[in-house]
Structures are given as C-alpha cells and as structure tokens.
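Subject: Handover of a structure for your review

Dear colleague,

Please find below the structure that I am handing over to you. My notes on what was found in it follow directly after it.

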Amino acid sequence: WIRLSHVCKAWRELVLTRGTVWAKYVVVFHSVKVHQVIKERAGDCPLNLRLRLCPSHRWTYDPIAFTQDHLHVAKTIDMNLDDLSAASRFLTSLGTTDLPILESLTVWCERDSLNPHIESDVSLDWIHRELVAPKLKEIKMSGCIIPWASQTLVKLTIRGLGLPYSQLSDWLTFDTFLEMLRRSPNLESLS
C-alpha cells in the first residue's frame, strides 16, 4: 500500500486519504513519529494493533503505553510479549479497558513469562478481571490466561498458561474454566 502511493498523484491521494488502509496495518514501529502519521491517516477507523516486543528491540517510546492508549479503538489486537513485566502491564490494561469493537485478540507471552519463578514486583491482578469486549469472536493465547465472557466468541485457542498452577489455583479452577466456556454459547472451535 505504501508503494501504491508512489505510482502517480491520483493513486497517492487515494491511498493517503483511505483511513481503512492505514488502520489495517497499524504496526507498533520503533518510532513514535511513524505511529503518529499512521494513526492520523487512519482517522476514526477501527485499528489493527500488532506488537512484537522482545528485549533486543530499542524503543524510542513505550510501546505498551502506546498500545494501551489505543485499546478502545482496536478491532484486532495481536501481541507477542517476551517479558512478564510487559505482559502483566498489557494484560492489566485489557481487564480495565472497555473494548467495544474488539473482534480478535491474540496474546503470546513467551520466554520469561513461561518461567515458573515469578518476580515479586509483577502484578497478577489481571487474572481476576474479565474482558469487556461484546463483539469478540476469537481469542488465541499462549503463556497466559485471559478471563473472558463473550457471547459472540466463536474460536478459542489456549497454548500453555505460563504460570505455575499453584499461582492460578485460587482463581482458575476447573469449574471457573467451564463457566467461562458456558458463557460462550456460540463457541465452535476450542483447541
């Protein structure tokens, strides 16, 4: 889509003025300036947020804070978080923000989050809050558990909890999990 804007003046104007084109590809770049341009060009269109956060990346701003600021206008969220502290911050914001247009949520918490030795300064409060996302159709999670209550949920994928069961057992019981499934009457796929 960026190359199309270089074909000719008419195509450039078309690409630059179509918010849906820009909203579809909101990727958390390493530059806040690039993000501001993309967000401005996306206008009021629902966003597709995608973040690949790993310790080797050098950020000129806080990508978690940027993502948190735009959760309420996200149609799709695709997060890959490599450290538990960042994952905890992001997951806490999911539980405290209404997500009125969110349809798809993917959260992969890898490496450090799969470490059974949880640092004492990392909050696990997020496991006690359910997502408020009335249009949510799909959840994919790995290395974490995100409580949900969505009657529109069609597809659920869970790959590992990422925390020792002893730390989740007060909240995540078999009955609790079954209750979350019961509140998803349209669920067609569970893996």
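I begin with Phe177, which is partly exposed, its relative accessible area being 21%. Please bear in mind throughout that this is a predicted model. The threshold matters for this residue, because buried means under 20% relative accessible area.

The aromatic pair

Phe177 has Trp148 as its partner in an aromatic pair, and the arrangement is edge-to-face. The ring centres are 6.0 Å apart and the planes make an angle of 85 degrees. The count of aromatic pairs comes to one. Trp148 belongs to the loop between E5 and E6, whereas Phe177 belongs to helix H7, so the pair ties together parts that are 29 residues apart in sequence.

Salt bridges

Glu179 forms one with Arg182, with 3.5 Å between the closest N and O atoms. These two residues of helix H7 are three residues apart, and therefore about one helical turn separates them. Glu179 forms a further salt bridge with Arg183, where the closest N and O atoms are 3.9 Å apart. As for accessibility, Glu179 is partly exposed at 35%, Arg182 is exposed at 56%, and Arg183 is partly exposed at 27%. Together with Glu130, the residues Glu179, Arg182 and Arg183 are linked in a network of salt bridges.

The structure holds five salt bridges. One of them joins Glu138 to Lys155, the closest N and O atoms being 3.9 Å apart. Since Glu138 lies in strand E5 and Lys155 in strand E6, this pair ties together parts that are 17 residues apart in sequence. Lys155 is partly exposed, at a relative accessible area of 32%.

Which way do the side chains of E4 point, and are they buried or exposed? Ser104, Thr106 and Trp108 point one way, Leu105, Val107 and Cys109 point the other way, and all of them are buried. In general, the side chains of a regular strand alternate between the two faces of the sheet. With six of its six residues buried, E4 is largely enclosed by the rest of the structure.

E4 pairs with E3 in the parallel sense over six bridges, and Thr76 stands opposite Ser104 of E4. E4 also runs parallel to E5, to which five bridges join it. In that pairing, Trp108 stands opposite Ser142 of E5.

The nonpolar core

The largest nonpolar core has 40 residues, of which Ile77, Phe90, Leu94, Leu105 and Ile146 touch the most other members. At least two residues each come from helix H2 (19-24), H3, strand E2 (47-53), strand E3 (74-81), helix H5 (84-96), strand E4 (104-109), strand E5 (138-142) and helix H7 (174-182). H5 gives the most to this core, namely five residues.

Helix H3

Helix H3 spans residues 32-42, and its residues His35, Ile38 and Ala42 are buried. They lie on the same side of H3, because they cover an arc of only 65 degrees around the axis. Lys33 and Glu40, on the other side of H3, are exposed. Gly43 follows H3 and has a positive phi, near 60 degrees.

The loop at Gly160

Finally, Gly160 is located in the loop between strand E6 (155-159) and helix H6 (165-168). What does Gly160 touch, residues up to four places away in sequence not being counted? The residues are Ser142, Gly143 and Cys144. Gly160 and Cys144 are 16 residues apart along the chain, and their C-alpha atoms are separated by 6.9 Å. The relative accessibility of Gly160 is 43%, so this residue counts as partly exposed.

With kind regards

Notes:
Residues numbered from 1 in each chain as written. Predicted model: local features only at pLDDT ≥ 70, side-chain atom pairs only at ≥ 80, totals over all residues. Heavy atoms only, no water. Buried < 20%, exposed > 50% of the residue type's maximum accessible area, 1.4 Å probe, protein only. Helix = DSSP H or I, 4+ residues; strand = E, 2+ residues; numbered from the N terminus. Arc of directions from axis to C-beta. Core = buried A, V, L, I, M, F, W, Y, C linked by side-chain atoms within 4.5 Å. Contact = heavy atoms within 4.5 Å. Salt bridge = Lys/Arg side-chain N within 4 Å of Asp/Glu carboxyl O. Pairing = 2+ DSSP bridges. Phe/Tyr/Trp six-rings, centres within 6.5 Å; stacked < 30°, edge-to-face > 60°.
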